[in-house]
Amino acid sequence: MYKQIKKYVILAEHGAKLADAGLQKISLTNRKIRIEYFLNTLPIYYGTEMECVLRYRRKGEVVSSKSWKSRLEKGNSHYVFSLDHPEYIGEIVDCCLVLPGNKMIVSDEKLTLAEISATEEEKKVLPVADKRETRSVEYIRDLEYLKEAGGGLEELYYNSFLRHGFYRYRYFIVGKDFIGVPDHFYEREAIAAGMMGFPYFMEAEFVEDCNLDGETRDELPKQGSFGYYLKKIHG
C-alpha cells in the first residue's frame with residue numbers, strides 16, 4: 001500500500017488565517033508514515049520548540065493519537081518526520097504544527113487547539129447533554145456568559161488567563177463557588193494562574209465535588225495532569 005496526501009498549509013491563530021505557510025506532504029505505506037513540511041518564511045519564533053500533532057480516525061471517531069516535539073531552526077524550510085505506521089490507524093485526518101503564542105501551521109483554519117489537544121481522558125470529563133441537569137458544574141462555551149451572569153463575573157471577561165484557556169479549549173466551567181479554566185498542571189503554569197487570580201487547581205475527575213471552602217492539599221497535583229485552575233466566587 002502506498003498513499004500520498006498533499007495540502008497547502010497556512011499560519012493560523014485562534015482559528016483565523018494569518019498568512020500562507022507552504023506545503024504539507026504525508027506519505028503512507030504499510031509500515032511507515034513520512035510527514036514533510038515545505039515552509040515559507042513566516043513570522044514565527046525560531047529557535048523554540050514546536051509540537052507536531054497527527055490526528056487519525058479510529059472506529060469512526062477522530063482522536064488525537066500521536067504528538068512529538070521538534071525545534072524550529074532559522075533558515076530551515078524543510079522539516080521531515082518519519083514514524084512507524086500503527087496498525088490501529090484507520091485513516092489520517094490531518095497533521096499540524098503547534099507553535100508558541102497559540103499559533104498553528106495547519107491545512108484547515110477551522111481546526112482549533114482544543115480539537116487537536118483533546119485526549120480520550122479529557123473527553124470523558126466533558127458534559128453529556130442529557131445529563132446536564134444532574135451536574136453541579138456548568139460547562140460554558142460562550143464568553144458572553146460572563147457579562148450576563150452577574151456576581152462579579154463580568155470583571156473576568158477581559159482576564160487574559162481565562163481568555164487564553166477559553167480560546168484553547170473552547171469552554172470554561174462554573175461551579176457553586178468557583179469558576180475554572182481548563183489546562184494541564186505544571187508548576188510554572190500554576191504560578192501564572194495564581195498571579196491572574198486562579199490560585200487553586202483541581203483534577204478533572206474531582207471537580208464535580210469540589211468545594212473551595214477550607215480546602216487544602218497535602219501535596220501538589222501530578223505534573224501534566226488535566227484539570228482546572230480555579231478562582232473562588234460567590235455562589
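## Confidence

What pLDDT does the protein average, and what share of the residues score at least 70? This is a predicted model, and its average pLDDT comes to 78, with 76% of the residues scoring at least 70.

Strand β11 (residues 178-184) has the highest confidence, with a mean of 92, while helix α2 (residues 120-123) has the lowest, at 40. Over residues 118-135 the pLDDT sits below 50, yet the model still gives this stretch 26 contacts beyond near neighbours in sequence. A word of caution: where pLDDT is low, the predicted coordinates should not be read in detail.

The largest nonpolar core holds 23 residues, and the ones with the most contacts inside it are I26, I35, Y37, L54, F81, L97 and I105.

As background, nonpolar side chains in soluble globular proteins tend to be buried together.

## Aromatic pairs

The count of aromatic pairs is 14.

F161 and F198 make a tilted pair, with 5.5 Å between centres and 40° between the planes. Here too, distant parts of the chain are linked: F161 is in helix α4, F198 is in the loop between α5 (187-195) and β12 (200-203), and 37 residues separate them. Why do F161 and F198 count as buried? Because the cut-off is under 20% relative accessible area, and F161 has 8% while F198 has 1%.

There's also an aromatic cluster, made up of Y139, Y169, Y171, F226 and Y228.

## A buried arginine

Helix α4 (residues 160-169) is also where R163 is found. R163 is buried but has no salt bridge. Which side chain of opposite charge is nearest to R163, and how far away is it? That would be E144, at 6.9 Å; a salt bridge would need the charged atoms within 4 Å.

As for what R163 does touch, leaving aside residues up to four places away in sequence, the contacts are L143, Y157 and Y158.

Methods:
Residues are numbered from 1 along each chain as its sequence is written. This is a predicted model: local features need pLDDT of at least 70, side-chain atom pairs count only at pLDDT 80 or more; totals for chains, interfaces and linings use all residues. Side-chain values use heavy atoms; hydrogens and water are left out. pLDDT is the predictor's confidence in each residue, from 0 to 100. Helices (H or I, at least four residues) and strands (E, at least two) are DSSP runs, numbered from the N terminus. Contact means heavy atoms within 4.5 Å. Buried means under 20% relative accessible area, exposed over 50%, partly exposed in between (1.4 Å probe, protein chains only). Lys and Arg count as positive and Asp and Glu as negative; His and the chain ends are not counted. A nonpolar core is a set of buried Ala, Val, Leu, Ile, Met, Phe, Trp, Tyr and Cys residues joined through side-chain atoms within 4.5 Å. Rings of Phe, Tyr and Trp (its six-membered ring) pair if their centres lie within 6.5 Å; planes under 30 degrees apart count as stacked, over 60 as edge-to-face and the rest as tilted.
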